[in-house]
Amino acid sequence: MTAAPSRRDYSLIGRDARLAVENGLSAAEWYHTDIPRKQIKELMQRSDGPAIRDTAIWLAALAISGAGGAWFWGSWWCVPFFFAYGVLYGSSTDSRWHECGHGTAFRTQWMNDAVYQVACFMIMRNPVTWRWSHTRHHTDTIIVGRDPEISVMRPPDLVRLVLGFVGVLDAWHAMSDMLRNAAGNISAAEKTFIPEQEQQKAIRIARIWTAIYAATIALALYTGSFLPLMLVGLPRLYGAWHHVMVGLLQHGGLAENVTDHRLNSRTVYMNPISRFIYWNMNYHVEHHMFPMVPYHALPRLHALIKHDLPAPTRSILAGYREMIPVFRRQLRNEDYFLKRELPPTARPYREEFHNDAVATAAE
Amino acid sequence: MSDWVEACAAGDIDEEDVMRFDHGGRTFAIYRSPDDEYFATDGLCTHEKVHLADGLVMDDIIECPKHNGRFNYKTGAARGAPVCVNIKTYPVKVDAGKVLVQIG
């Protein structure tokens, strides 16, 4: 399905970027549910225990599934092993990168840093570039021209969305960016959110990664087998589907250019396996409102503030049932979006926080 | 040298916690360390002007509530991205159960 040309300019150095700053949408004051200091302090407390347990399970599952895939390589028996390995490599790392980037998974900072570096490599996100892009994402969540992490721009490119489930475009862009950075080139857009003193680190990491991928490809050529690439690199494609499936639900189909996470983020109830893979980021309104709260405390945070939030989406399937019709309608009218309804117990939206887009929201 | 300004009572801050103190149109963060010492810094993060008093104190570290940037609140040193610029610290003393800050 082909969409009409967008009236929005999502470029970080374009018209809407400038307008967002001029209109006060950038680095704005955001809505927060009131929580007594004692309670939020308790929720913010860090602990190594849950993340050590979950990381041990994750690494053990990676090792077992990877070894199984390699052992049965050449027979159909390798398929279920690589299915699991792919998700653990190409999807679990999305949440590990994210949570350790916030520094909240572990109390001990070197543990956050170690898992962050490993996860970034697997998910193919430069740890320097993405740390700063995610900082911007939290400052200017779904603000057009400011947020570098808007995954579904309007009107939605449905072909790109579908290809995302097999990671083709992501991996292509990641490899292109890696090679460009390795050549010492930081793009104009990257320069808008990576401080100058950090840019050299992004280049150094890109060069290390390029060497690792070159060695993997050389090993595959030397052995005449795809197996090395099935273990390093390709899982980012064949295992990407889960992180894309849950990631699109974070903000897909919701409002842009508002400064209330209740309007532009979605909390979705999920099964325990997806929550383990996703490290509870299904509580996405809660995460954005209080990014200091570790993943393992998000269910408790949700219970505490759900009276002030839109009703959570009941399942992944329910999320897609509400999101896909919005995407289809945005092909005809890119201003259309899903306006979240607040329960009677919630503090109302502060309309003065929002721009004209809210007033034209489709009910 | 400026006068000492009363910020709060010593018992107003829990151990390993922080509170906001506004004075003369400026905002400060007053800390009580796990070993029961008091410290003060500017109240806003040097990264994006967020109130540090809404953050989390862990040992010698204050973590900003918006982007998880970190400072050593005893020295003001920036200790973790996205914080790159140190934060200003102020002398603090406790006198007759009151926390006093020397605001320059």
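## Two packed helices in chain A

In this predicted model, helix 9 (residues 168–182) and helix 11 (residues 196–223) of chain A pack at an angle of about 115°, their axes lying 8 Å apart; axes are lines fitted to C-alpha atoms over the stretch in contact, with angles running from 0 to 180 degrees between N-to-C directions, and helices are DSSP runs of H or I with at least four residues, numbered from the N terminus.

The contact (C-beta atoms, placed from the backbone, within 7 Å) is made by residues including A:Met178 and A:Leu179 of helix 9 of chain A, and A:Ile203 and A:Trp209 of helix 11 of chain A. By class, the residues of this contact divide into 7 nonpolar, 2 polar and 1 charged, where Ala, Val, Leu, Ile, Met, Phe, Trp, Tyr, Cys and Pro count as nonpolar, Asp, Glu, Lys and Arg as charged, and the others, Gly among them, as polar.

## Where chain A meets chain B

Between the chains, 16 residues of chain A are in contact with 14 residues of chain B. Helix 2 (37–44) and helix 7 (127–139) of chain A each supply at least two residues of the side that touches chain B, and helix 7 of chain A gives the most, with 5 residues. That side of chain A has 6 nonpolar, 7 polar and 3 charged residues.

## A sheet in chain B

In chain B, 4 strands (DSSP runs of E, at least two residues) form an open sheet in the order 2-3-4-9, with antiparallel pairing; two strands pair if DSSP finds at least two bridges between them. The edge strands, each pairing on one side only, are strand 2 (17–23) and strand 9 (89–90) of chain B.

## Numbering and confidence

Residues are numbered from 1 along each chain as its sequence is written, while chains are lettered from A and ligands numbered from 1 in the order in which they are written. Local features need pLDDT of at least 70 and side-chain atom pairs count only at pLDDT 80 or more, whereas totals for chains, interfaces and linings use all residues.

Conventions: Two residues are in contact if their C-beta atoms, placed from the backbone, lie within 7 Å.
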